[in-house]
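Dear colleague,

I am handing over the structure that we spoke about, with notes on what was found in it. Please read the notes with the coordinates open beside them.

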Amino acid sequence: MTTSPPQVAVIGGGICGLAAAHRLARHGVPVTLLEASDQLGGLGTFFSHRDQWVERFYHCVMPTDDELLGLLDELGMKNSVRWCKTTMGMIVDGRRHRFNSAVDLLRFTPLPFHDRVRFGAVSLLLRRLGRGRDLDTLRTEDWLRGLYGSRVWEELLGPMFGSKFGSSFGDVPALYLWQRLGRERNVATRGYPEGGYKAIIDALRTSIEEAGGTVRTSTPVRSLRSTATGSSLTLADGEVLDVQKVISTVPIPLLRQLADAGLAALLPSLELPYQGVVTGAFFLRRPLTGHYWTPVLRSNTGFDGIVEMSALSGAEAHGGSHLVYVMRYTEHTSRLYRGDDDEISARWTTQLLDLFPELEPGDVEEVRVFKAPFVEPIHPLGYLARRPPVAVAGTGLLLATTAHVYPDVTSWNSSVKLVNSVTRGVLEEIGRHEVAEPVP
Ligand SMILES: Cc1cc2nc3c(=O)[nH]c(=O)nc-3n(C[C@H](O)[C@H](O)[C@H](O)COP(=O)(O)OP(=O)(O)OC[C@H]3O[C@@H](n4cnc5c(N)ncnc54)[C@H](O)[C@@H]3O)c2cc1C
């Protein structure tokens, strides 16, 4: 069965796919978005708790997220973001510390006094120290060990990076950290949209459909090949879509599995490793730390960080419960990732109760475990020059994935920024330049 061709197919209904389809549809391009799962949103997707929608993975907006805020403005949602000053804690060897001010740092006993002073001074200057340097070819470990000293690297910064990037954490380009520091601070204003991320996802779907685009969930693309006139996609039920252009937003390792041999040979040759993540979403009867983010180091826990979402969103966003995520970034092949969800939930509950003795077992109302296999690409040194191009030469295929946002950090903002540039190229090529209509 062959259907009449839409001009552009977008593979994946995460923020990249939704924003791309929104942008194209609003410019009059016939676009079909194909999402494998029965829900849109990708890593920003949601689950139901007490008749309210909650993100599977903690998400927040930063005031510097200009591209995302611009998109929210188009959707009439910019003012729905509730902003709040958030703080950071730190748990080392089972002991809790505040980690926000100079006074907190001077009281931070896991480091000797002179290292605390050095830590504070270097941290203040770090953004400036990186300016004008080629941080893309400098290992994070080499940069930070030199500036902070070996003890701070080995006892604090190394384990913190290791928790995000795994065993190769020291090798990640220092540029990524430098960019991250530009986006985040210990004491930071963060935002959370009213109605959660689902409200944004729903608004994007509505916008695409109102502009004549098509959104299909539970529609995995099974294979993709390049043709003389564009691309041909085979869907799970055998349906074939022939289109002029495809924007693929799925992580490149998954795209390789979809591409036929001819197309696979044209895909970027760099095999980028990815970290996945396992999170436990805890609904508690009481607040936990009061901090948005708390790294957990050397504390006999399987998780190595805590995000107290309710410190930002308020408990009312979760039916009166306090929502706390614990997480561990890990490869999707690891034992933890392949482990049983109920066992992870039971183990992490025990560990959380041990870490917070004031928390009673009865305070834990519900725990949900979620996993995602491809979250953080682990960039090699010199990635700026090795980043895969967006256009796959000689085909109608364009790539807009988390591997393309570097040196920006992986975030909804970076995805929107990327997609704005990719769709601008498509629109120029197709020759449609109407100004985007505001969503009523
Ligand atoms: C724990 C965690 C915390 C985070 N915190 C934040 C935060 O605070 N702020 C922030 O801005 N960002 C945050 N992020 C990052 C952010 O979620 C991602 O950068 C962003 O969602 C990536 O979007 P994407 O569209 O590129 O990919 P994805 O969201 O992964 O979307 C890809 C989509 O493709 C679909 N797909 C895969 N294969 C197929 C196929 N064969 N056919 C059709 N569809 C397919 C998938 O189902 C998925 O929906 C966080 C992520 C995680 C995991």
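In what follows, a residue counts as near a molecule if one of its heavy atoms lies within 4 Å of it. This is a predicted model, in which local features need pLDDT of at least 70 and side-chain atom pairs count only at pLDDT 80 or more, while totals for chains, interfaces and linings use all residues. Residues are numbered from 1 along each chain as its sequence is written, and side-chain values use heavy atoms, with hydrogens and water left out.

The ligand is surrounded by 28 residues, of which the closest are Glu-35, Leu-43, His-59, Cys-60 and Trp-412. By class, this shell holds 17 nonpolar, nine polar and two charged residues, where Ala, Val, Leu, Ile, Met, Phe, Trp, Tyr, Cys and Pro count as nonpolar, Asp, Glu, Lys and Arg as charged, and the others, Gly among them, as polar.

A backbone N or O atom of Cys-16 lies 3.0 Å from an oxygen atom of the ligand, whereas a nitrogen atom of the ligand is 3.1 Å from a polar backbone atom of Ala-36, and a ligand nitrogen is 2.9 Å from a polar backbone atom of Val-221. Of the 1,000 Å² of accessible area that the ligand has on its own, the protein covers 89% (Shrake-Rupley method, 1.4 Å probe). Two or more residues of the shell come from each of helix H1 (15-26) and helix H15 (412-430), helices being DSSP runs of H or I with at least four residues, and strands runs of E with at least two, numbered from the N terminus.

The chain is divided into domain 1 (8-81 + 195-272 + 381-430), domain 2 (101-185) and domain 3 (273-377), with bounds from an automatic or database domain assignment. The centres of domain 1 and domain 3, taken over C-alpha atoms, are 28 Å apart, and their contact (heavy atoms within 4.5 Å) takes 22 residues from domain 1 and 29 residues from domain 3. Between them these two domains bury about 2,200 Å², 63% of it on carbon and sulfur atoms; buried area is the accessible area (1.4 Å probe) lost on putting two parts together, summed over both. Domain 1 and domain 3 each give at least three residues to the ligand shell.

Two backbone details remain. Tyr-406 and Pro-407 are joined by a cis peptide bond with omega of about 10 degrees, and Pro-407 is found in the loop between strand S19 (397-399) and H15. Asp-93, in the loop between strand S6 (89-92) and strand S7 (95-98), has a positive phi near 50 degrees although Asp-93 is not a glycine.

Definitions and conventions: Polar contact = N/O pair within 3.5 Å; in protein donor to acceptor, adjacent residues only side chain to side chain.
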